[in-house]
Amino acid sequence: LAMESFLSGTFAKHSNNAGFVADDVVRHTPHAFAHFSFEASRGDEIVVDIQGVDDLYTDPQIHSADGSKRWGRGDMGMRGIALFFASHRCNSVC
């Protein structure tokens with residue numbers, strides 16, 4: 001049995017694993033974190049599907065550039081990475 005702590009507050013979906021990036025940007029950190037994960041991995045991976053309360057995130061998805069699907073069925077490889085960057089706009093935190 002796997003469980004995570006209850007996140008108290010207003011839950012927000014900031015992005016998904018298929019390129020959606022919320023238009024009503026309330027926080028810059030979720031999108032900047034996704035961008036950072038790509039840069040920090042030297043373009044090998046990106047963390048997407050970010051949701052949670054404030055800057056406490058839960059249930060993310062990772063896309064791997066090599067197409068190995070090592071992060072499960074939701075790992076869309078380079079297509080998922082390209083979809084994120086097609087909708088991402090760098091912000092003051094990036």
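Predicted model: local features only at pLDDT ≥ 70, side-chain atom pairs only at ≥ 80, totals over all residues.
1. Residues are numbered from 1 along each chain as its sequence is written, and side-chain values use heavy atoms, with hydrogens and water left out.

2. Now to the rings. Those of Phe, Tyr and Trp (its six-membered ring) pair if their centres lie within 6.5 Å; planes under 30 degrees apart count as stacked, over 60 as edge-to-face and the rest as tilted. By this rule there are three aromatic pairs. In one of them, the ring centres of Phe38 and Phe85 are 4.9 Å apart and the planes stand at 65 degrees, so the pair is edge-to-face. Because Phe38 sits in helix α1 and Phe85 in helix α2, this pair ties together parts that are 47 residues apart in sequence. Helices (H or I, at least four residues) and strands (E, at least two) are DSSP runs, numbered from the N terminus.

3. Phe85 is partly exposed, at 28% relative accessibility. The rings of Phe84 and Phe85 are also edge-to-face, with centres 5.0 Å apart and planes at 80 degrees. Phe84 itself is buried at 2% relative accessibility. Phe38, Phe84 and Phe85 form one aromatic cluster.

4. Which residues does Phe84 touch, apart from its neighbours within four places in sequence? With contact taken as heavy atoms within 4.5 Å, the partners are Gly19, Val21, His31, Ala34, His35, Ile46 and Val48.

5. Next, the largest nonpolar core, which has eight residues: Val21, Ala34, Phe38, Ile46, Val48, Ile50, Ile81 and Phe84. At least two of its residues come from each of α1 (29-40), β2 (45-48) and α2 (77-87). Such a core is a set of buried Ala, Val, Leu, Ile, Met, Phe, Trp, Tyr and Cys residues joined through side-chain atoms within 4.5 Å.

6. Finally, α2 has Gly77, Gly80, Ile81 and Phe84 buried. Seen down the axis of α2, these buried residues fall within an arc of 100 degrees, so they line one face of the helix; the arc is that of the directions from the helix axis to the C-beta atoms. They pack against α1, β2 and β5 (61-64), while the face turned away from the buried side carries the exposed residues Arg79 and Ala86.

Key: Buried < 20%, exposed > 50% of the residue type's maximum accessible area, 1.4 Å probe, protein only.
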